[in-house]
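Subject: Structure handover

Hello,

Here is the structure for you to look at. Please open it first, then read my notes below.

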Amino acid sequence: MSDDFERRLREHLHHEASQVPQLPRELRGRIRNGVQPRPRFGMRAPQLAFAAAAGVLAGALFFGVRNQQVIINALPAGIRQLIQPTPTPQPFVCTDRSGGNPSVSTQVTDIRWARHDGYDRVVVDFSSGIPSYDLTRQPTANFVQDPSGQPVTLDGSAGVKLILRNTDGSPSLARDSKPGFPALREVTQLGVFEGVLTYGLGLAAPTCERVLELSGPPRLVIDFATSGPAPSASPTPTLAPSATALGQFQCVDASGGMDAGPVQLKAIRTAHQPGYDRIVFEFSPGTGAVPPYTVTRQSSTHFVKDPSGQPVTLKGSYGLRLVMRNTTAYGAYQGSSDLTPGLPALLEAAQLGDFEGVNSWGLGLARNSCMRVLELSNPTRLVIDIQTP
Amino acid sequence: MLMDPALTRVIERCREGDRDAFEEVVNRYGLQVLRTARLIVRDEAVAEDVCQETFLKAWRRIRTLRDEEPGPWLNRIATNESISACRRRSRFQVLAERFGRFGGVKREVSTEARLDLARALDQLAPDHRAAIVLHYYQDLSVEETASALGAPVDTVKSRLKTALRRLRELTGSEEVS
């Protein structure tokens, strides 16, 4: 049985853990470097590899071989890897990205775009080094200008926000352009404020991207796939989407929110309304914005608890998984962690985890239903409407 | 299928050697691994080394991960790495004390003194501390803790009981009868 000492121990461990606020960037880099393939000759004897290459080259020249490609092809594979330019085999991925060098302070000298087979490319040129950047995907082309807070809607139905830190923009940069490419529809400067330069990119649809950091000149390259796998495959809906005054029900995964610091979940409510079931996640007073979240559809009610990995099966035949980042129910939420409202569509809602600032819930649905996700304020709350017949 | 479909795709890509996909795994579980390691090894730099080694081992063994959530799997690797790191450090401290020149002065602790919980946790044996961290921080059941530690359930129950008793002694807390 848990007593006061065990409760204090639990709180203490969580407090100690919170002293590590994030995974340090240097550690990410060490891990990234650790999984990179090593050249055949390894890093232990690069001089040996270069000496061998020089020897073979000298020999080839001595014997009168003048075709450079012949010389390169004559080299062992490990040496070829060292002297030939590396191709760019990075795949397109469907996640937010970040990178750059936080110690770099620079200026954007140009931003340009081009259409290629299989992708649309955006290139950001810098005067000196690639600064710290974040690339954040979003399910709409609606952005907010910095610092005015004015909303702006770009062409397209999805978007990517590019934030460049310690960066200024050249006065000659275009503020808004509409390439009208298959994926990239519009590029607009959202703001230059306090050393942060922000761009909004309007996309025709949610698209996976590839990010490259190149040098000579320093430039950040963002490729948006125009073919390939869809970023979020969803089962065929049994109910057609329909428009309402609150927005359209959609049969795709949803994500949104904004990271404005730690958030506490305060209450959860459920109710049936004509045409839909509603579940509301309300956050503590003073919460400025709905935290970053994803709502993922699935064709079963089997979920996995976090962090134990234990399986749990909810009522119903379809499911939604809600993951809220930088959020905890600890200390504020007094309700049940397993709700069974028994509504026409929403049969069960169970907390899957509340760990490391990630609060996740599984929703068990009676059938495969489309949904509508709303971010509301006063009080700040996340609303998921599940369509009913 | 029990696993989140998106995560299943990420793991499949990792198995195919996709390093960007593995970066998603690092992003998703990195903080959890680092915090767990930090609580067990009690040292920031060592915890970062443990975290790095955990993910490098995971990358090398990713093909052995079949129909299993990566979280508990990473947890097992991180916990074992953390305990090993504590033991390596302990051996080094013994040598340092023997040669008396590396400043490895062991903190003298009186069981009569009331220590705060942080210092009391420092005093536990690594495998006892790991059990405490998994059970009270990660909220794993005794069975799940045993699975993460690769130890029998009864052994973990015993470790938890002994560790709790020791923590109570060190902090001067009364046990609830």
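**A sheet in chain A**

Chain A has an open sheet of 5 strands with mixed pairing, in the order β23-β17-β18-β28-β27. β23 (327-328) and β27 (371-376) of chain A stand at the edges with a single partner strand each, so one side of each has no neighbour in the sheet. Strands are DSSP runs of E, at least two residues, and helices are runs of H or I, at least four residues, both numbered from the N terminus. Two strands pair if DSSP finds at least two bridges between them.

This is a predicted model: local features need pLDDT of at least 70, side-chain atom pairs need 80 or more, and totals for chains, interfaces and linings use all residues. Residues count from 1 along each chain as written, chains are lettered from A and ligands numbered from 1 in written order, and side-chain values use heavy atoms, without hydrogens and water.

Back to the sheet. β18 (residues 276-283) and β28 (residues 381-387) of chain A run antiparallel, joined by 7 bridges. Tyr276(A) stands opposite Gln387(A) in β28(A).

**Where chains A and B meet**

In chain A, 47 residues are in contact (heavy atoms within 4.5 Å) with 51 residues of chain B. The rule finds 5 salt bridges across this interface. A salt bridge is a side-chain nitrogen of Lys or Arg within 4 Å of a carboxyl oxygen of Asp or Glu. Asp139(B) forms one with Arg10(A), with the closest N and O atoms 3.2 Å apart. On the side of chain A that touches chain B, α1(A) gives the largest share, 11 residues.

Best wishes
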